[in-house]
Amino acid sequence: MDGTIAECDRVRDREQDYSRKAGRHGANIQAVTGPDGELIRHSPALPSRTVDITAARTYNIVTVCDRLRIPALADKAYDGAGGTSQAPFKRHLGRPLTTRQAAVKRAHARLRLPVERAFARLKA
């Protein structure tokens with residue numbers, strides 16, 4: 001699972017549609033893809049200032065994956081989401097990752113590569 005900001009024109013409230021992180025106006029879209037990168041489901045658009053984990057909880061993506069016992073790989077934005085979602089290790093300031101944590105992080109990134117490609121197709 002992952003989220004992306006689809007760029008759009010300002011529609012109503014400038015603050016609601018503006019993402020400070022992305023630095024542009026848009027809509028937050030959450031999506032779930034299969035292991036091969038095939039798009040399975042995407043959510044309706046939310047204001048782009050909505051944080052990814054909040055958007056996933058709004059549309060019960062984490063809960064559904066947990067109930068169906070589907071392991072979900074996610075990025076750091078979903079850290080603490082619970083259920084079957086797995087986010088990579090976060091590196092804390094001043095503390096390097098251990099060798100094991102670095103290896104797990106690399107494996108996680110390799111498994112998420114098809115998801116990132118699916119999002120590139122979704123944006124196109």
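Helices and strands are DSSP runs, numbered from the N terminus. In this predicted model, Arg69 lies in the loop between H2 and E6. Its phi is near 55°, a positive value in a residue other than glycine. Arg69 counts as exposed because its relative accessibility is 73%, and the cut-off for exposed is over 50%.

Ile70 is found in the loop between helix H2 (61-67) and strand E6 (72-73). With 39% relative accessibility, Ile70 is partly exposed. Ile70 also belongs to a nonpolar patch on the surface, together with Val64 and Leu68. The accessible area of these three residues together is about 260 Å².

A positive phi also occurs at Asn60, with a value of about 55°. Asn60 is not a glycine either. Asn60 sits in the loop between helix H1 (52-58) and H2. Its relative accessible area is 42%, so Asn60 is partly exposed.

Helix H3 covers residues 99-123, 25 residues in total. From its first C-alpha to its last, H3 reaches 35 Å. This is close to the 36 Å expected at 1.5 Å a residue. H3 is bent, by about 40° at Arg112. A proline, Pro114, follows within four residues.

Arg112 is also one of the buried residues of H3. An α-helix has 3.6 residues a turn, so residues three or four places apart point the same way.

Note on methods: Residues are numbered from 1 along each chain as its sequence is written. This is a predicted model: local features need pLDDT of at least 70, side-chain atom pairs count only at pLDDT 80 or more; totals for chains, interfaces and linings use all residues. Side-chain values use heavy atoms; hydrogens and water are left out. Patches are made of residues with over 30% relative accessible area and no salt bridge: like charges are joined within 9 Å, nonpolar side chains (Val, Leu, Ile, Met, Phe, Trp, Tyr) within 5 Å. Accessible areas come from the Shrake-Rupley method with a 1.4 Å probe; for residues, only the protein chains shown count as cover. A salt bridge is a side-chain nitrogen of Lys or Arg within 4 Å of a carboxyl oxygen of Asp or Glu. Helices (H or I, at least four residues) and strands (E, at least two) are DSSP runs, numbered from the N terminus. Buried means under 20% relative accessible area, exposed over 50%, partly exposed in between (1.4 Å probe, protein chains only). The expected span of a helix is 1.5 Å times one less than its number of residues. The bend at a residue is the angle between axes fitted to the seven residues ending there and the seven starting there.
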